[in-house]
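Here's a quick briefing to read alongside the model. Take a look at the fold first, then work through the points below.

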Amino acid sequence: MPTPLPLPTQVRVRVPASTTNLGPGFDALGLALGLHNRLTFRLTDGPTHVEVLGEGIGTLSTDASNLAYQAVCRLFAEVGKDAPELSISLENAIPVSRGLGSSSTAIVGGLVGANALLAEPLDREALLRLAVEIEGHPDNVAPALMGGFQVTSLTEHDLEHLRIPAPTGLRAVVCIPEHSVSTEAARSILPTSYSREDAVFNVGRVALLVAALLTGETGKLRAAMEDRLHQPYRAALIPGFEAALRGALDAGAAGACLSGSGSTMLALVAHDLSDGQGLEAAVGEAMVAAVRASGTEARWLALDVDPDGAVVEAALTS
């Protein structure tokens, strides 16, 4: 029999940001974006320590309570092993508590990193189910792990998910206010019941959204990304929200919405025009101007759709 290869002692993982809902697809649609956190895991004699670089300095925990290490522990427990002591480095480009899936990158990065340290005993489907178990819902972790557009649904006994091909030339412009919104606050503000009219409105919009993405009919996205289930209520938590979305659409965005539970706002831009970068800048500046007019600073980024999801960039044995 061949001699088993030595297990890695150091692993580096790249995980993309994600946006969810895309307007009407509440807790069901997600999209991976080309903004990444990198997590490096090194075996150590202990105790476990986490170094935070970039976004989240002074906010994220630096000991064994860190979410990335907790995900590592969950995977080791799943395969019947004790979790090792690790030195973890988080190079974070994704803002925290802004609706871009920063916590999901920690969960997915921890699971993928731990799986790599063990020479990958679990496949992606098993990793996704563990990620959903930790996160509680799949809309962020599915695109962070699998990449692209993801449609997700939790059934009574399982998770169903499908990937939608991204229309050619579609990019995202995100406006990130210097104002955080906790997921708990964003969920607590929602009503406990909805009218039939609002439910029917969202069913029609999410069906149109999925059809527009599948057919590449980006001209339908303006109407398709409208929502009545969460955005009208969460608007009160986000300075300049309604004006920012109007500004993005007036500047030429194909559609615009809240990113996750906020505070980031997202516009989809279709590059069927000759000056795509000029269009992105116009959309980004329009959103930023609306947020600044409300008294809050903001910045914008233009991002590709990330097709890959979480990637092991390096696995070293010494």
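Let's start with N21: its relative accessibility is 2%, and because buried means under 20%, N21 counts as buried. This is a predicted model, so keep that in mind throughout.

- N21 sits in the loop between β1 (10–20) and β2.
- Its phi is near 80 degrees, which is positive even though N21 is not a glycine.
- L22 is in the loop between β1 and β2 too, and here phi is positive at about 50 degrees, again in a residue that is not a glycine.
- L22 has 2% relative accessibility, so it counts as buried.
- Why flag these? Most residues other than glycine have a negative phi, and most peptide bonds are trans.

**Cis peptide bonds**
- Going from G46 to P47, the peptide bond is cis, with omega near -5 degrees.
- P47 belongs to the loop that runs between β2 (29–43) and β3 (49–54).
- There's also a cis bond from G262 to S263, this one with omega near 15 degrees.
- You'll find S263 in the loop between β8 and β9.

**The four-stranded sheet**
- The open sheet has 4 strands, ordered β8-β9-β7-β10, with antiparallel pairing.
- β8 (255–258) and β10 (298–303) are the edge strands; each has a single partner, so one side of each lacks a neighbour in the sheet.
- On average, neighbouring strands here are turned by 20 degrees against each other, ignoring direction.
- Inside the sheet, β7 (residues 170–177) pairs with β9 (residues 265–270) in the antiparallel sense, over 6 bridges.
- For a handy landmark, look at A172, whose bridge partner in β9 is L268.

**Helix α9 on the sheet**
- α9 packs on this sheet and touches β8 and β9, with its direction at about 160 degrees to that of β8.
- Which residues of helix α9 (residues 241–250) are buried? They are F241, A244, L245, G247, A248 and L249.
- After α9 comes G252, with a positive phi near 115 degrees.

- Y194 is in the loop between α5 (183–188) and α6 (196–215).

Definitions and conventions:
Residues are numbered from 1 along each chain as its sequence is written. This is a predicted model: local features need pLDDT of at least 70, side-chain atom pairs count only at pLDDT 80 or more; totals for chains, interfaces and linings use all residues. Side-chain values use heavy atoms; hydrogens and water are left out. Helices (H or I, at least four residues) and strands (E, at least two) are DSSP runs, numbered from the N terminus. Buried means under 20% relative accessible area, exposed over 50%, partly exposed in between (1.4 Å probe, protein chains only). Two strands pair if DSSP finds at least two bridges between them. Axes are lines fitted to C-alpha atoms, for helices over the stretch in contact, and angles run from 0 to 180 degrees between N-to-C directions. Contact means heavy atoms within 4.5 Å.
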